[in-house]
Amino acid sequence: MSDDAYTDDVVDDEMHKDITYVALPTLREFHADDSLVRGIMGPYGSGKSSACVWELFRRAREQRPYKGVRKSKWAIIRNTYAELETTTLETFTDWMPEMECDGYSLVIRHSHPMRAQLNMQLEDGTKVDATFIFMALDNEDVIGKLKSIEFTGGWINEAVELPQLVFITLLARSRRFPAKRDGGYSWAGVIMDTNPPDIKHWWYELAEKMKPLNYRFWRQPPSILPLAKEKTNDPQLWVPNRGQAIVGPDGSPIQYAPAENVENQNAGFDYWLDLAAGQDESWCRVFLMGEYGLSRAGKPVFPAYQDSIHCTKEPIEVWRGLPILLGWDFGRTPCVLFMQLTSRGTLNVIEEIASDGMGIREFANNIVRPRLRNKYYNMPVVSIGDPSGKNQSDISDELTCMNELRAAGIPTEPAITQNYTQRLGAVNSFLRGLVDGKPAFQMSPECQLLREAFQREYRYGERRTTAGRVFTEEPLKLHPWSDLMDCLEYMAMHLDQGAAMSDSSGRTSGNTPRRNVRKKSSSGWA
């Protein structure tokens, strides 16, 4: 294709100027490709949505003419109607203005679903007759309306927020209009854009693992780059990505292509640098660098958690002179965390053990007790568990989970409350605290499930409404992540309250001193 495919104009007579689109380097490759499915992933403000609008406009003009008319029908899909109307439609009309003038007409009907009708006279004497149907498809119950329409193709805007069934259904309904008897089409298919999803998202599976034939995915370069830290716990600083090399984790240089769409931002690089100033490193790596991994569906319970600060690079050393703290959750899938509170007040999470369909008796006697005897031999133990452990267990009418643990030689006290506000507040006091200038919470990288819980799995549920997102009042119960978080919360409450601690022989080891922790404003950690 010629360069004319990437630099083009729409004449806006009302504004007496041309609307000119010039494709950025990554997006030029996107426009030049004819694959059935094409996706663009990039940072905030990188121009990917504009590219998708222009791609639909360009493909509509290039459809095969039949009796002098180039017909096409396109779906434009977003997760909620509110975001569709305020964000997607606004981008659409930035490039295809709603107006009528000689040789150009775009009329939008604000109904459910919204429709935009484009009629345009081309220089070769043919006419464009393109319909764009705007649809909000945030759950499977409303996907039925997509199944009733035949399309040439479509655009999924912010694919990270939509289920895979939306993509599958749109692909199945594409390449159906116009019918073969009416001349057919020249290109048809599905285009998508997104900010980086989690590695468990269907986009990641398609783009990085399955890589189906006739599918292509592009990643735009980062907008900003991390500045090397002098010390591990130093705050992360960021610099504009002008195409320079930075030092990678192994000490070797990593070369990036320059950031895209800088010239179209009023604030230039400051747009991204100002965003980075108020966010943690993991958020910046996803939304400003365009990396996979930590974007989370729903609302995270602990936004103060920063993986680069709170998760150590090496396993945490066990202090033989301090008690081992056990936090328990029961039910049909019992689990436990092994922790220590240092003399300075830092909570170290050393190890996790999660069961899968194992009773508390078997779990305590066959898994946890041998671990205590081998790795933590002759160390005092403080054990705190789910208050529901005082209730009768499924094993017999007489025994409770607390009794089972006592029988296994691990006497355990119930946590002071099940109240979520107190539980979350206790954990946050560690996450947001500093001890000797370092985080008051440290977690070993061996605690992979707890790490995943902090990063994405322990969250408030959400549902989509016409008014936007609505979140649940309590975190979702997702095994085993929420179970391990319960373990942490019970022990954090115990420590935060300065409760008495007992070792495994039942002796009181004295009152836990209140922690010498300097609190830090949550604004710097969230």
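Helices (H or I, at least four residues) and strands (E, at least two) are DSSP runs, numbered from the N terminus. The model is a predicted one, in which local features need pLDDT of at least 70, side-chain atom pairs count only at pLDDT 80 or more, and totals for chains, interfaces and linings use all residues. Residues are numbered from 1 along each chain as its sequence is written, and side-chain values use heavy atoms, with hydrogens and water left out.

The chain has 13 helices and 29 strands. Of its 526 residues, 54% count as buried; here buried means under 20% relative accessible area, exposed means over 50%, and partly exposed lies in between (1.4 Å probe, protein chains only). Among contacts (heavy atoms within 4.5 Å) with a separation of 6 or more, residues 24 or more positions apart account for 66%. The accessible surface of the chain is about 24,200 Å², and carbon and sulfur atoms hold 48% of this surface. These areas come from the Shrake-Rupley method with a 1.4 Å probe, and for residues only the protein chains shown count as cover.

Just after α5 comes Lys-211, with a positive phi of about 45°.

At 42% relative accessibility, Arg-175 is partly exposed. Pro-178 has its place in this loop too, and a cis peptide bond with omega of about -5° joins Phe-177 to Pro-178.

Lys-67, in the loop between α2 (48–61) and β4 (69–78), is not a glycine, yet has a positive phi of about 55°. Lys-67 is exposed, with a relative accessible area of 73%. Another cis peptide bond runs from His-479 to Pro-480, with omega near 0°, and Pro-480 sits in the loop between β26 (468–475) and α13 (481–496).

Aromatic rings come next. The structure holds 24 aromatic pairs. Rings of Phe, Tyr and Trp (its six-membered ring) pair if their centres lie within 6.5 Å; planes under 30 degrees apart count as stacked, over 60 as edge-to-face and the rest as tilted. Phe-92 and Phe-132 make an edge-to-face pair, because their ring centres are 5.2 Å apart and their planes meet at 65°. Phe-92 lies in helix α3 (residues 81–95) and Phe-132 in strand β8 (residues 127–136), so the pair ties together parts 40 residues apart in sequence. Phe-92 is buried, at 0% relative accessible area, and Phe-132 is buried, also at 0%. Trp-328 and Phe-363 form another edge-to-face pair, 6.1 Å centre to centre with 85° between the planes. This pair links Trp-328 in strand β17 (residues 324–329) with Phe-363 in helix α9 (residues 360–374), 35 residues apart. Both Trp-328 and Phe-363 are buried. One aromatic cluster is formed by Phe-302, Tyr-305, Phe-441, Phe-454 and Tyr-458.

Finally, charges can sit over rings, which requires NZ of Lys or CZ of Arg within 6 Å of the ring centre and within 35 degrees of the ring normal. Arg-38 lies over the face of Phe-30, 4.8 Å from the ring centre, and Arg-59 lies over the face of Trp-187, at 4.9 Å.
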